[in-house]
Amino acid sequence: MAVKSKILIIGGTGYIGKYVVEASAKAGHPTFALVGENTISDPERAANLESFKSLGVGFLYADLHDHQRLVDAIKQVDTVISTVGGDLVAHQVKIIAAIKEAGNIKRFLPSEFGSDVDRLHGVVEPASSLYRSKAEIRRAVEAEGIPYTYLVCNVFAGYLNYFLNPFGGSVSASPPRDKIVILGDGNPKVFFSVEENVAAYTIKAADDPRTLNKIVYLRSPANRLSCNEIVSLWERKIGQTLEKIYLPEKEVLEKIREASMSSKSILSLLYALSVKGQMANFEIDASFGVEATELYPDVKCTALDEYLDQFVSE
């Protein structure tokens, strides 16, 4: 039986990170979470660490701003997976520098978990800054000759309500049952991925020779849907017809300009995906990418149809 690679997850107590840590441990990998002082002092993140302990996850104490301790942590593993978000995306240059100095890492998966940043066009701020940061991290990884895999899962299923309720949605909320605002004409296709599936595919891809220096796309055919199709699916499930308000592109851009900074981030992302159709508008070429559900048919990929069932009785 092949020895499982030792995996370090940076950002493991964050939104997608906790799923990746759990998937790694359950897959039998010696799994470690990088722990910094800010992690310990945050009650929610500290609670995640307690749950990791029950899975046998080890802790390596360092942060992105302590180069030597980060190098020392990285030297203890084979694979590094970053799941950091927000402003920390740009700080992954510090992970790259530490990996380069450590010299032992067989694979690095920088924080992606969204759209393919090399194939986005016409994106507006502030989403464009985030995508630009991710693209710059890709170029830095490649320039240093670090073996990599980029995991593009497109949209987390947990963010579905933002698509269905762009001006009042939240991650935890149930989809609306009265009216819905649809950005643009609602026809561009989007790929959704359930978080547990994303984590499972990430761990599968982390040391697979077929994914070396490739982009791994999670594009389940069952989850390739437009906003209009999702609304129709939801209407069938709840037995109701929603009032649909279509917001033209010009008005969407005006809403982005007028929105608070937190809302700007969500709306500018939705604009790129829902209005401009920047997610499903290209084919995967074998020269740069592979598709996760085809590589790993043993992983049960949850369909969005099934995912919506949890909200029907609420």
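**Ground rules**

I am working with a predicted model, in which local features need pLDDT of at least 70, side-chain atom pairs count only at pLDDT 80 or more, and totals for chains, interfaces and linings use all residues. Residues are numbered from 1 along each chain as its sequence is written, and side-chain values use heavy atoms, with hydrogens and water left out.

**Entry 1: salt bridges**

I began with charged pairs. Side chains of opposite charge can pair when their charged atoms come close. My search of the whole structure turned up 18 salt bridges (a side-chain nitrogen of Lys or Arg within 4 Å of a carboxyl oxygen of Asp or Glu).

I looked up Glu144 and found a salt bridge to Lys100, with 3.8 Å between the closest N and O atoms. Glu144 sits in the loop between α6 (127-143) and β6 (149-152) and Lys100 in helix α5 (residues 92-102), so this pair ties together parts that are 44 residues apart in sequence. For the names of these elements, I note that helices (H or I, at least four residues) and strands (E, at least two) are DSSP runs, numbered from the N terminus.

**Entry 2: Arg138 and its partner**

Next I checked Arg138, which forms a salt bridge with Asp118; their closest N and O atoms are 2.9 Å apart. Arg138 belongs to helix α6 and Asp118 to the loop between β5 (107-109) and α6, so the pair links parts that are 20 residues apart in sequence. Arg138 is buried at 0% relative accessibility, whereas Asp118 is partly exposed at 31%.

**Entry 3: another pair, and a network**

I then found Lys300 in a salt bridge with Glu306, the closest N and O atoms being 3.1 Å apart. Lys300 counts as exposed at 54% relative accessibility, while Glu306 is partly exposed at 41%. Which residues do salt bridges with shared partners join into one network? I listed Glu112, Asp116, Asp118, Arg119, Arg138, Arg139 and Glu142.

**Entry 4: helix α8**

I turned to helix α8 (residues 195-205), where eight of the eleven residues are buried, so this helix is largely enclosed by the rest of the structure. Among the buried ones I noted Glu195, Asn197, Tyr201 and Ala205.

**Entry 5: Gln278**

I located Gln278 in the loop between α11 (261-275) and β13 (289-291). Gln278 is buried, with a relative accessible area of 8%. A polar atom of the Gln278 side chain lies 2.5 Å from the backbone nitrogen of His121. Leaving aside neighbours within four places in sequence, Gln278 is in contact (heavy atoms within 4.5 Å) with Arg119, Leu120, His121, Ala272 and Leu273.

Ser268 is in helix α11 and is buried at 0% relative accessibility. Beyond its neighbours within four places in sequence, Ser268 is in contact with Val124, Glu125, Pro126, Ala127 and Ile256.

Last, I looked for Pro188 and found this residue in the loop between β8 (179-183) and β9 (189-193). Not counting residues up to four places away in sequence, Pro188 touches several residues, including Leu225, Cys227, Leu273 and Gly277.

Definitions and conventions. Buried means under 20% relative accessible area, exposed over 50%, partly exposed in between (1.4 Å probe, protein chains only). A polar contact is a pair of N or O atoms within 3.5 Å; within protein, one must be able to donate a hydrogen and the other to accept it, and residues adjacent in sequence count only if both atoms are side-chain atoms.
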